[in-house]
Amino acid sequence: MSDLAVIGGSGLTSYDGLEVVRRESVGTPWGQPSASLIHGRLKGVDVVFLARHGAPHAIPPHRVNYRANLWALHQVGVRRIVAVAAVGGIRGGLDSGTIVIPDQIVDYTWGREHTFFEDDLDHVVHVDFTSPYCEHLRAGLLGAACSAGIDAADGGTYAVTQGPRLESAAEIDRLERDGCDVVGMTGMPEAALARELGMSYAHCAVVSNRAAGRSAQKLSMEMILANLDAGVAAVRRLVAEFVTNGLAISEAPPEGLMTGAPPSGD
């Protein structure tokens, strides 16, 4: 059994190089996950893979059942998650193909089921989210990038928008004024739900395009997916290096993480 999972986003619906051992359909109190959990081995290390948008890639960001996805992974013993996400580059220098390991996040989404703690509670629960990402996992990913000769940006703020439409240039201007460096549509509530379940979590964000108004080129899904190819190939190399060398880093949970599961799912 593996305690490490990779959640794949756009461009990573399947995982080349993963030796598939079995596929598992996991039911949860929150409904069905996006896809079956794929248990496999990567470079000899047990890993669980989940396609965030389903297989095939058909679930839009605002319709992903984030609670079911995180609960299913927790239920099979996963305690550490590397979440791969396609993002747009806002900050200068974050061009297509760049990998970013963010250290902060801002949630601009609305209407998503964003917590496990809302019904049948004995008391109101507040979970510390000061540092939304596990620094141990971030250090492991950055170290793996260095070992693999991959240039990865250390830190940055990930703005999470509602989708599925792309942002306007004025919206990107606002995000930049707010201090955001990259923009995507799936970072929340995924990161917060992992925190509620006591799971260490880090993002491996691959820039698929310059954000709206930051390039003269018109944005299209065809262009974005084409640009993802090189970035996703680098992500696969980074994750392979991470699972073989990065896991030696201490895995003490960051402060504020809970242990066990919230009472509403028991």
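The turns below take up a strand and its partners, then one arginine.

A: Some ground rules come before the features. This is a predicted model, in which local features need pLDDT of at least 70 and side-chain atom pairs count only at pLDDT 80 or more, while totals for chains, interfaces and linings use all residues. Residues are numbered from 1 along each chain as its sequence is written, and side-chain values use heavy atoms, with hydrogens and water left out.

Q: Which strands pair with E4, and in what sense?

A: Strands (E, at least two residues) and helices (H or I, at least four) are DSSP runs numbered from the N terminus; two strands pair if DSSP finds at least two bridges between them. Here E1 (residues 4–8) runs parallel to E4, joined by four bridges, with Val6 opposite Phe49. E3 (residues 37–42) pairs with E4 in the antiparallel sense over five bridges, and Arg41 has Asp46 as its bridge partner. Two residues lie between the strands of the E3 and E4 hairpin, where Lys43 takes a positive phi near 55 degrees.

Q: Why is strand E4 called largely enclosed?

A: Buried means under 20% relative accessible area, exposed over 50%, and partly exposed in between (1.4 Å probe, protein chains only). Five of the seven residues of E4 (residues 45–51) are buried, so the rest of the structure largely encloses this strand.

Q: Where is Arg112 found, and what does Arg112 touch?

A: Contact means heavy atoms within 4.5 Å. Arg112 is in the loop between strand E7 (104–107) and helix H2 (135–147), and is buried at 9% relative accessible area. Leaving aside residues up to four places away in sequence, its contacts include Pro61, Tyr66, Gln162 and Met188. Val64 is 48 residues from Arg112 in sequence, yet their C-alpha atoms are 9.0 Å apart.
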